[in-house]
Amino acid sequence: MLWLLAALLAVRQAAAVLRLPPERRFSDLGRWIGDHGVLHVRGSLYDTDEFTGTPFEGLVLKPLTKAAEQGLGIFWTFGTLLLVVALALVAARSLPGPVPRRTALLAAPVAVILAVLSLPVRNTFTLGQTSILPVLLVLLGCCPPRLAQGSGRASGLLTGVAAALQPAVLLFAVLQWLTGRRRAAAATGVTFAACSGLTWALMPDDSWTYWIHHVAGAGLGHAPDGLANQSLHGLLLRTGLHGPAELALYGALAAAVTVLGLRRAARYALDGQTLLATAVAGCTAVAVSPAAWQHQQLWILLAVVGRVGKRRADRLVWPVLVVLVMTLTSTVLMPDNNPFLSPLGDNAPLLTALLAACAVPFLSRAAEGWARPVPTPVSEPQRGRFSWVPLFRFWRRPLTRPNVLLELMLLRVGYWFYMFIRSRAPDERFPAEAHGRQILGAEEFLHLDVERGFNHFVAGSGRLTGAMNYYYGTFHFLVPVALLVYLYVRRPGTYRWARTALSLATLIALAGFWAYPLAPPRLMPGLGFIDTVNGPQDLNNPEFGALTELANQYAAMPSLHIGWSLWCGIVFAVVAPKPWMKCLGMLYPLLTLSVIVGTANHYVLDAVGGALVVLAGFAIQYVLSGPGRPVFGKVPAARGESDPLPAAGGTGAAPSHAAKG
């Protein structure tokens, strides 16, 4: 199945590139395309600053000829795809041993999937860059045991050619020297000098332009202070530093990162983690290069192989962080309108490279927990009222708190996905209004059409209007988030149960937004509803300020205001120790119902739909994993009198591995 998924993703990526118009694909490769589609350049490669490669790249690619650009595109796309697959296979075969059979079976297809999905590879496909080739040459020269442990000549030859294509790769010669591979380091230097010398002899003007005029290509490409340049130099320029002060600080930081990164890489190489050592050295090269464009950041993805943390619950944090940074854009990782968080998203690749090179405490193979991390206490699946419940009988409920960093990363991505789907659901006005008339007709038949009367009652009271408007815009997010935080701190077992049900309910609601676009009462023309939040609007061209940019105005069915508030009420009923507290918690969805109807944002049937999706979320979780009530207790380290652990034996069996956890 994984291989099938990898093949589908690879074909999709190739098709996405080939479907682009000729003028929009292979923009960097176009520097080699001359008259009649033949790969020949008249004049300098650097007539413009668009081409950022070394002169050796041009020398290597000039002999390639094709009769037409379309043929070149097909050849180049599938050739790049083969390089990506080869790189992924070499990386999968370079994992430090001993490798469990399951890991060895899954490593290759997972590596292909991650490589194809990564932003550097997608960028390389579109631009027609050659940045995959240097990474593959270094992996071939450093990771296979026959080359890594041989005389060093073959390893140095491959690494030297890679350095001629991407000069920052010369740092690997230093790594070879630090790990005692002196012949390989010398061969790397000699090969790089030979390739560059040959280019000087055949292309002296281009060589002078690249190495001298542009200082090894530092002045080529986009503006060095743009977000595309994910290096220390680019970061310092973006902070406002310029001139000698910036160069001095950049030199000092680059020297410190180089020393620390290469020493760490050498330590991991001597420990037998050659792939991790290669990744750390590559991340060092990304950070200290004068310019590190997106297609040159593939080194960061290789750092996913590092193992961090002695607990199994913490082991996924680092690889998930790397995968998210390498596959998602900055606006997905962090909100783009937040002055404190958006800089983290804008510089996420550089920060991840610095973490890998200098800070992340990757485990050595001799460390405790390298092969057997501390397991998470779990509870065996509980049988439901039906014999076929749970369907996932292999699933054991974890009883400890999940890692907070991992939860925050997944929460951010999940929220972005929710907003993405909601904003791109069908938002045509006339189908949404037709559905609104259907809802009103159904409510009239059921004698539930109370929206307009209650809306006018609320609009007639200034204090009530202000209170409901504030409630509508604030409590929808504040209360669920606060409740999740409380559960995470005080009720870790309940947190996982509640969080999963909420996520399932939200996914079901997204399907409703797609399938049934619905105009809320405030956007129904001629029916007399009063928009208490935004005031009178031109319904032919409604404008609601920032809200219009954040959410689809015609995604009213089902109401997640009701859905999330009912979820809060159910969780309150489960965790509150006193009956009056449980009743008070259940009043929250009723209060939310009055607010969404009084402000003309939802119909009564929207609320019914919101309630149904929440109940469906809990029901799906029940069917898949069984009843959760017996395992709501806390872990021993956080137990309280009102929240005991399940008793040993019976349906609430004591958590497995509790003694080890």
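# A tour of the predicted model

Start with the largest nonpolar core, which has 92 residues. Select Leu139, Phe172, Trp299, Trp318 and Phe362, the residues with the most contacts inside this core. Then select residues 274-288, which form helix 14; this helix gives the core its largest share, 11 residues. Keep in mind throughout that the model is predicted.

**Phe172 and its surroundings**

Stay in the core and centre the view on Phe172. Which residues is Phe172 in contact with, leaving aside its neighbours within four places in sequence? They are Val138, Cys142, Thr159, Thr278, Ala281, Gly282 and Trp299. Trp299 is also among the residues with the most contacts inside the core.

**The whole protein**

Zoom out and colour by secondary structure. The protein has 28 helices and two strands. It has 661 residues, and 50% of them count as buried. Consider next the contacts between residues at least 6 apart in sequence: 73% of these join residues at least 24 apart.

**Helix 9 and helix 13**

Select residues 171-178 for helix 9 and residues 243-270 for helix 13. Their axes are 9 Å apart, and the helices pack at an angle of about 50 degrees. The two helices are therefore oblique to each other. Their crossing is right-handed. To see the contact itself, show the side chains of Leu171, Val174, Leu175 and Leu178 on helix 9, and of Thr258, Leu262, Ala265 and Ala266 on helix 13. How many of the residues in this contact are nonpolar, polar and charged? Seven are nonpolar, one is polar and none is charged.

**Helix 24 and helix 26**

Now select residues 492-515, helix 24, together with residues 560-575, helix 26. The axes of this pair come within 11 Å and cross at roughly 160 degrees. An angle over 145 degrees counts as roughly antiparallel, and helix 24 and helix 26 are therefore roughly antiparallel to each other. Helix 24 passes helix 26 in a right-handed crossing.

On the helix 24 side, the contact is made by Thr494, Trp497, Ala498, Leu502, Thr506, Ala509 and Phe513. On the helix 26 side, select Leu560, Trp564, Trp567, Val571, Val574 and Val575. By class, this contact has 11 nonpolar residues, two polar ones and no charged ones.

**Val325**

Is Val325 buried or exposed? Its relative accessible area is 5%. Buried means under 20%, so Val325 is buried. Not counting residues up to four places away in sequence, Val325 touches Leu119, Leu333, Ala348, Pro349 and Thr352.

**Met586**

Move to helix 27 (residues 579-598) and select Met586. At 32% relative accessibility, Met586 counts as partly exposed. With residues up to four places away in sequence left out, Met586 touches Leu566, Gly569, Ile570 and Ala573. Phe572 is 14 residues from Met586 in sequence, and their C-alpha atoms are 7.2 Å apart.

**Two cis peptide bonds**

Select Val389 and Pro390. The peptide bond from Val389 to Pro390 is cis, with omega near 5 degrees. Pro390 is in the loop between strand 1 (378-379) and strand 2 (397-398).

A cis peptide bond also joins Met557 and Pro558, with omega about -5 degrees. Where is Pro558 found? Look in the loop between helix 25 (546-550) and helix 26.

**Two residues with positive phi**

End the tour in two loops. Val215 lies between helix 11 (204-213) and helix 12 (232-238). Its phi is positive, about 50 degrees, although Val215 is not a glycine. At 56% relative accessibility, Val215 counts as exposed.

The last stop is His447, in the loop between helix 21 (429-446) and helix 22 (451-459). His447 is not a glycine, yet it has a positive phi of about 60 degrees. Its relative accessible area is 68%, and His447 is exposed.

Note on methods:
Residues numbered from 1 in each chain as written. Predicted model: local features only at pLDDT ≥ 70, side-chain atom pairs only at ≥ 80, totals over all residues. Heavy atoms only, no water. Core = buried A, V, L, I, M, F, W, Y, C linked by side-chain atoms within 4.5 Å. Buried < 20%, exposed > 50% of the residue type's maximum accessible area, 1.4 Å probe, protein only. Helix = DSSP H or I, 4+ residues; strand = E, 2+ residues; numbered from the N terminus. Contact = heavy atoms within 4.5 Å. Axes fitted to C-alpha atoms, helices over the stretch in contact; angles between N-to-C directions. Parallel < 35°, antiparallel > 145°, perpendicular 65-115°, else oblique. Left-handed = near helix turned anticlockwise from the far one by under 90°. Nonpolar A, V, L, I, M, F, W, Y, C, P; charged D, E, K, R; others polar.
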